[in-house]
Amino acid sequence: MSEPVFDAALAPEPDHKRADMLIHAFAAVSAFALVGMLVDVWQMVFLTVPLFAVVLMLKGSLRSDGTWERQSTIGIVGYCAVLAGLVAWSILSYNSDTTLWGIPMSMAVIVYFIWPYTAVVAGLLYAFVFDRTIDEKRLADVTD
């Protein structure tokens, strides 16, 4: 079996603008979380969870030529929007006396909604994104 031959002239021109933007966004989210930790405001730290998720998922699905596949990007942003809504629900219900299935509402949202959502849907999202974008890099190497 012969090794694939790579011609540099046929390779796509790398574009690092989006990657640079995502790295700067990661630094900004990290700084926001750090400020929340230093001033002891847990809500600021908790709000960074969906922000970290969207930045890192978009960075992971970025193609080598600096583009994203449309459906994968919509899936990632949609997943993180739902996660942000669940995180906001948990934060907003923190001072509530309401309970859900025996535990305070804010913790119930984390245990009964956020945890299963991230455990199940994130895996499905990964498979969807891999199938549409990441796997194309490996297939391009095999077919050349």
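**View 1. V35 in helix α1 of the predicted model**. In this predicted structure, V35 has its place in helix α1, and because its relative accessibility is 43%, V35 counts as partly exposed. V35 also belongs to a nonpolar patch on the surface, which is formed together with L34, M37, L38 and V39 and has about 500 Å² of accessible area in total.

**View 2. T48 in helix α2**. Here the residue of interest is T48, which lies in helix α2 and counts as buried because its relative accessibility is 3%, a value under the 20% limit used for buried residues. When neighbours within four places in sequence are left aside, T48 is in contact with V29, F32 and A33.

**View 3. I76 and the largest nonpolar core**. The largest nonpolar core has 24 residues, and those with the most contacts inside it are I76, L83 and I114. Helices α1 (17-38), α2 (42-61), α3 (70-92) and α4 (105-143) are the elements that each give two or more residues to this core. If residues up to four places away in sequence are not counted, I76 touches V54, M57, L58, S61, L125 and V129.

**View 4. The chain as a whole**. The chain has 4 helices and 2 strands, which follow one another along the sequence in the pattern α-α-α-β-β-α. Of its 144 residues, 27% are buried, while the accessible surface of the chain comes to about 9500 Å², with 68% of that area belonging to carbon and sulfur atoms. Among contacts with a separation of 6 or more, 64% are between residues 24 or more positions apart.

Methods
Residues are numbered from 1 along each chain as its sequence is written. This is a predicted model: local features need pLDDT of at least 70, side-chain atom pairs count only at pLDDT 80 or more; totals for chains, interfaces and linings use all residues. Side-chain values use heavy atoms; hydrogens and water are left out. A nonpolar core is a set of buried Ala, Val, Leu, Ile, Met, Phe, Trp, Tyr and Cys residues joined through side-chain atoms within 4.5 Å. Buried means under 20% relative accessible area, exposed over 50%, partly exposed in between (1.4 Å probe, protein chains only). Contact means heavy atoms within 4.5 Å. Patches are made of residues with over 30% relative accessible area and no salt bridge: like charges are joined within 9 Å, nonpolar side chains (Val, Leu, Ile, Met, Phe, Trp, Tyr) within 5 Å. Accessible areas come from the Shrake-Rupley method with a 1.4 Å probe; for residues, only the protein chains shown count as cover. A salt bridge is a side-chain nitrogen of Lys or Arg within 4 Å of a carboxyl oxygen of Asp or Glu.
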